[in-house]
Amino acid sequence: MADTIIEKWYLVDLQTEGNNIGQVLWGIVVDDRKGRWVSGNFVCTSPVVERLDNRLYRTRNSEYLCQGEGQEVTLPAEALIELRTGYSPDEFLARESLRESGFQVR
């Protein structure tokens with residue numbers, strides 16, 4: 001049984017210098033039986049250590065069930081800071097796109 005159920009989720013491959021250094025899950029909490037997160041809030045997990053099936057992942061201390069459609073994305077390792085503060089992977093990519101086109105993002 002999963003500890004946490006998430007939706008609108010992403011499996012994020014983190015890279016540095018072109019090398020994958022790990023994966024995390026980012027998603028919106030549906031239910032957390034351990035009582036760590038409130039339903040409707042985001043969660044960015046610790047590193048994924050095992051993919052148990054197509055939508056069930058294990059981190060060091062928890063199992064996450066991913067509901068609905070998810071996305072797999074690759075981001076630079078530096079993105080983890082923003083993911084942990086609540087930015088979704090899509091929001092991170094949008095900010096990076098604005099920076100590359102010359103807009104100053106604060």
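This is a predicted model: local features need pLDDT of at least 70, side-chain atom pairs count only at pLDDT 80 or more; totals for chains, interfaces and linings use all residues.
Ring pairs link Tyr10, Trp26 and Phe42 into a cluster. In the whole structure, a search finds 4 aromatic pairs. One of them joins Tyr10 and Trp26 edge-to-face. Their centres are 6.0 Å apart, with 70 degrees between the planes. Tyr10 belongs to strand β1 (residues 4-16) and Trp26 to strand β2 (residues 19-32), so the pair ties together parts that are 16 residues apart in sequence. Tyr10 and Trp26 are both buried.

Now follow Trp26 to its other partner in the cluster, Phe42. Here the ring planes meet at 10 degrees and the centres lie 5.9 Å apart, so the pair is stacked. Phe42, at 29%, counts as partly exposed.

Next come the charges. The structure holds 7 salt bridges. In one of them, the side chains of Asp32 and Arg36 meet, N to O, at 2.9 Å. Asp32 is buried, with a relative accessible area of 9%. Arg36 is partly exposed, at 33% relative accessibility.

Another salt bridge brings together the side chains of Arg58 and Glu50. The distance, N to O, is 2.7 Å. Arg58 has 29% relative accessibility and counts as partly exposed. Glu50 is partly exposed too, with 36%.

A further salt bridge connects two helices. Glu82 pairs with Arg95, and their closest N and O atoms are 3.4 Å apart. Glu82 is part of helix α1 (residues 79-84) and Arg95 of helix α2 (residues 89-100), so the pair ties together parts that are 13 residues apart in sequence. Glu82 and Arg95 are both buried. Elsewhere, salt bridges that share partners join Asp3, Arg33 and Lys34 into one network.

Which ring does the charged end of Arg95 sit over? That ring belongs to Tyr87, and the charged end lies 4.8 Å from the ring centre.

Methods
Residues are numbered from 1 along each chain as its sequence is written. Side-chain values use heavy atoms; hydrogens and water are left out. A salt bridge is a side-chain nitrogen of Lys or Arg within 4 Å of a carboxyl oxygen of Asp or Glu. Buried means under 20% relative accessible area, exposed over 50%, partly exposed in between (1.4 Å probe, protein chains only). Helices (H or I, at least four residues) and strands (E, at least two) are DSSP runs, numbered from the N terminus. Rings of Phe, Tyr and Trp (its six-membered ring) pair if their centres lie within 6.5 Å; planes under 30 degrees apart count as stacked, over 60 as edge-to-face and the rest as tilted. A charge sits over a ring if NZ of Lys or CZ of Arg is within 6 Å of the ring centre and within 35 degrees of the ring normal.
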